[in-house]
Amino acid sequence: MPSETWTIRKVLSWMGDDFSKLGLPDARLDAELLVAHALKLDRVHLYMDLDRPLLPAELVQIKLLLKRRRGFEPVAYILGRREFYGRSFNVNSHVLVPRPETELLVEKALALAPSSEPVEVLDLCTGSGAIAVSIALEKPDWLVCASDISRDALEIARSNVVKHEAQDRVELIASDLFAQLQDRRFDVIVSNPPYITEGEWQSLAPDVTAHEPRLALLAGEKDSM
């Protein structure tokens with residue numbers, strides 16, 4: 001970033017162009033989120049003050065975030081959070097960044113569960129716990145068991161359970177798939193398990209291959225028919 005006087009408007013434009021040249025699909029949005037984060041503002045207030053010159057200390061913070069995004073680190077990891085099903089969830093490099101399409105799992109679980117109470121749900125390979133917590137918050141009478149093989153992932157999931165005050169409805173268990181759950185029975189099982197083959201790995205975006213956890217993505221090679 002050149003050394004000169006910068007307003008919020010100018011730095012957003014410059015960063016958006018820079019990210020576009022790198023092939024980042026949401027270049028302008030990424031710029032807005034990172035600048036807002038550096039300035040401790042939401043995007044609405046960012047736009048209310050577009051022509052304000054940035055202070056040197058603010059530019060330093062923006063440059064640090066810019067460097068991380070230029071290294072293809074996902075914006076969610078830089079911010080430490082991601083929106084999912086209308087709520088904010090803590091994330092870091094130990095868990096996948098929750099995708100909007102994964103919200104369909106929550107919707108299906110809510111729609112397909114039996115009407116009898118109590119309903120017990122298993123979220124297998126829970127990662128950040130976004131699915132488990134979302135279901136628990138939508139259905140306060142349900143009990144949700146969230147499991148993962150990664151204890152680092154479970155720590156993030158635990159932070160989200162506490163963040164959304166769902167401790168009485170979400171149980172966290174360290175388990176390699178069903179290994180520690182063989183004696184349990186559930187009304188509904190949801191999962192977003194590893195699904196990428198070794199052959200597909202190299203075709204993924206740098207955001208994914210350089211930063212997201214391989215353990216949560218790689219499922220090995222496809223079986224031949």
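Strands, here, are DSSP runs of E of at least two residues, numbered from the N terminus. In this predicted model, aspartate 187 is placed in the loop that joins β5 (170–174) to β6 (188–191). Its relative accessible area is 40%, and because this value falls between the limits of 20% and 50%, the residue is classed as partly exposed.

Beyond the neighbours within four places in sequence, aspartate 187 is in contact with Pro114, Pro118, Val119 and Glu120. A polar atom of the aspartate 187 side chain lies 2.7 Å from the backbone nitrogen of glutamate 120. Glutamate 117 is 70 residues away from aspartate 187 along the chain, and the C-alpha atoms of these two residues are separated by 10.0 Å.

Glutamate 120 has leucine 143 as its bridge partner in β4. The two strands concerned, β3 (residues 120–124) and β4 (residues 143–148), pair in the parallel sense over five bridges. Both belong to an open sheet of four strands, ordered β5-β4-β3-β6, with parallel pairing. Strands β5 and β6 form the edges, each pairing on one side only. On average, neighbouring strands of the sheet are turned by 20° against each other, direction ignored.

Helix α7 (residues 130–138) lies across β3, β4, β5 and β6 and runs at about 175° to β4. Helix α8 (residues 151–163) packs on the sheet, where it touches β4 and β5, and its direction makes about 170° with that of β5.

Definitions and conventions. Residues are numbered from 1 along each chain as its sequence is written. This is a predicted model: local features need pLDDT of at least 70, side-chain atom pairs count only at pLDDT 80 or more; totals for chains, interfaces and linings use all residues. Side-chain values use heavy atoms; hydrogens and water are left out. Buried means under 20% relative accessible area, exposed over 50%, partly exposed in between (1.4 Å probe, protein chains only). Contact means heavy atoms within 4.5 Å. A polar contact is a pair of N or O atoms within 3.5 Å; within protein, one must be able to donate a hydrogen and the other to accept it, and residues adjacent in sequence count only if both atoms are side-chain atoms. Two strands pair if DSSP finds at least two bridges between them. Axes are lines fitted to C-alpha atoms, for helices over the stretch in contact, and angles run from 0 to 180 degrees between N-to-C directions.
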